[in-house]
Amino acid sequence: MDWSALSVSLRLAALTCLFLLPLGIWLGRLLATAQFRGKGLCEALIALPLVLPPTVLGFYLLQQFGRDAPLGGAWAALTGGGLNFTFSGILLASLIANLPFAIQPIQRAFEHVPANLREAAWCSGLSPWQTLWRIELPLVWPGILSAAALTFAHTLGEFGVILLVGGAIDGETRTLSIAIYDRVQAFDEQGAASMSALLLVISLATLGLVYGLAGKRRWARG
Amino acid sequence: MGSLASAGGRVGNLTVDVYQAGPIPLKATFSCAPGELLALVGPSGSGKTTLLRTIAGLYQPQQGRVSCGEKAWFLAEEGQHHSLPPQARQIGMVFQDYALFPHLTAQQNVQLAMGHVPRAQRSAQAAQWLANVRLQGLEARYPSELSGGQRQRVALARALAREPQALLLDEPFSAVDQVTRRRLQRELALLRQQISIPIILVTHDLEEATALADQICVLHNGVSLQQGSPEALFRRPRSATVAKLLDRHNVFAGKIVETAAGRRLQWGEWYLEVANGLESGDIGETLTWYLPPSDIVLHRRERPSQGERENPVAATVSEMVVLGSMTSISLRVSHGDMLRFDIATHAAKRNQLTLGASVYVSLLAEGIHLMPAQPTSQAPHNKRTLL
């Protein structure tokens, strides 16, 4: 068992969720409730990582992360470090690759909140922030939970993008799924099997938790 | 708390005067005094709900003013623009589908609207509001565990718990069955006696508006055509359009003529006496007139009744529809217009009314109401005869 790879994977998944969920709530709500020009394009860009081969996404990110590219250059000027083959680099790549998994479930959930509930809350004297906290978030909670689960599980399993951008540096960018690939390449079937089983269990547990919690709401029945 | 009267103290008239050319055309003026119930009636698409949303602050028209007492909630005229958000307007709104928060219990739904009440008192007061709408014992139920009528009561309690300056009801009885509707309407009528704020009711149900409202405002394509008491509106609609929207029959075209006996309203071969309005018109002027069905008096066969001398008109019975204890009678006069009125079914039998029978009726001069001429010569009800 490659414990440092497990640690990298878990850290990467947790941080991806942490950064993406607030963005997902903000963007998902915006896309669900507002009408604006370019909304279709915006939704298409968010969905792109779903259909783009991970290697293609990884290739472009690798290019953009170089110190000569605007993004990599700006990052270097800000932090003094590079993006390629660093944990920060794979985190950024993971944030982009997971956009659809974080945003779409939340957007769908907001779309199912009737507009007049928001209006009823305003008419009851609740500010827009109170409306978000006390009415909207409790109602879209299952959507947020499934966004978190999908993002978490998908990050654990991400392979192509991470490999291209991060390589396989021990303790820095080698995630569990890359470690599995390395083990198979080294004919260590036993090592690959135990890590695969671990990923399977974590993924299943995450999804089970989500679906279990989503069905527990008394008010949603009847 | 005890009383349902608004804690806001000085409650004033709610007045609305708004205008815009589009996208939803509006040209509406109406007002509602504290303790009064004003019904906005009109067909779907007449702008009723948009006007209610305008009062609530959920919609902003291009021009006009909405004020409650001294306070301007919305003002957009002569370069000024100011609009209070819904939170600052202190309105209680009951939405058409109630818009209860599904994840909160009945009591939590009510409590949420009590931001103005000290936190420690909210729970007890919310329970009291629920008791006021006869929902004690159901405080812990979620909306999905309540019947339609109970949900409507929670929505009403939530609206009142805000201790509003105005109560806005958007078709509050449309989502329940008829038995529940009757009961809820009765409860609203009782509740009204306890609250002294303006109440605006949006409905397309004329019967409901007549039963509940002190004032009715008739809307058509976003335009407020007439505001008045139900009695005044039903007897004196301002135009043929209003009469049609109020489902009035007996709207006809007539002409002012001078006869040896004085001015008369010529209607086909008949020259009708009219109590009011003939003098202000011009001789030869064509106008539209309306007669409430209650002012059509059927002459009895065996004994003459009072008022038989007034505007006697010969007609033939062309339609008789028995609706329980009442019978709806349509009479055709010689030039083809149809008079419609209701009489008790037993009276129809006693008078041996049958299809094709010749009868005389009096059109009471006091009831004849003159209106501006309609663009079309056909009276609006005439197409019904084709049915």
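Let's start with helix α8 of chain A: α8(A) has 30 residues, yet its end C-alpha atoms are only 38 Å apart, short of the 44 Å that a straight helix would reach at 1.5 Å a residue. The expected span here is 1.5 Å times one less than the number of residues, and helices are DSSP runs of H or I with at least four residues, strands being E runs of at least two, numbered from the N terminus.

Where does α8(A) kink? At A:W141, shortly before the proline A:P142, by about 55°. That bend is the angle between axes fitted to the seven residues ending there and the seven starting there.

A word on what we're looking at: this is a predicted model, in which local features need pLDDT of at least 70 and side-chain atom pairs count only at pLDDT 80 or more, while totals for chains, interfaces and linings use all residues. Residues are numbered from 1 along each chain as its sequence is written, and chains are lettered from A and ligands numbered from 1 in the order in which they are written.

Now, the contact between the chains. On chain A, 19 residues are in contact with 19 residues of chain B, contact being C-beta atoms, placed from the backbone, within 7 Å. Both α7 (115-123) and α8 of chain A supply at least two residues to that side, and α7(A) gives the most, with six.

Next, the inside. The largest nonpolar core has 154 residues, and B:I55 and B:L168 are among those with the most contacts inside it. By nonpolar core I mean buried Ala, Val, Leu, Ile, Met, Phe, Trp, Tyr and Cys residues joined through C-beta atoms within 7 Å. Buried means 20 or more other C-beta atoms within 10 Å of the residue's own, exposed 12 or fewer, partly exposed in between, with C-beta atoms placed from the backbone. Setting aside neighbours within four places in sequence, B:I55 is in contact with residues including B:V16, B:L168 and B:I200.

B:R122, B:A126, B:W129 and B:L130 are buried in α3(B), and its buried residues pack against α2 (106-112) and α4 (148-161) of chain B. After α3(B) comes B:R134, with a positive phi near 60°.

Last stop, B:G222, in the loop between β10 (215-220) and β11 (223-228) of chain B. Is B:G222 buried or exposed? Buried, because 23 other C-beta atoms lie within 10 Å.

Note on methods: Two residues are in contact if their C-beta atoms, placed from the backbone, lie within 7 Å.
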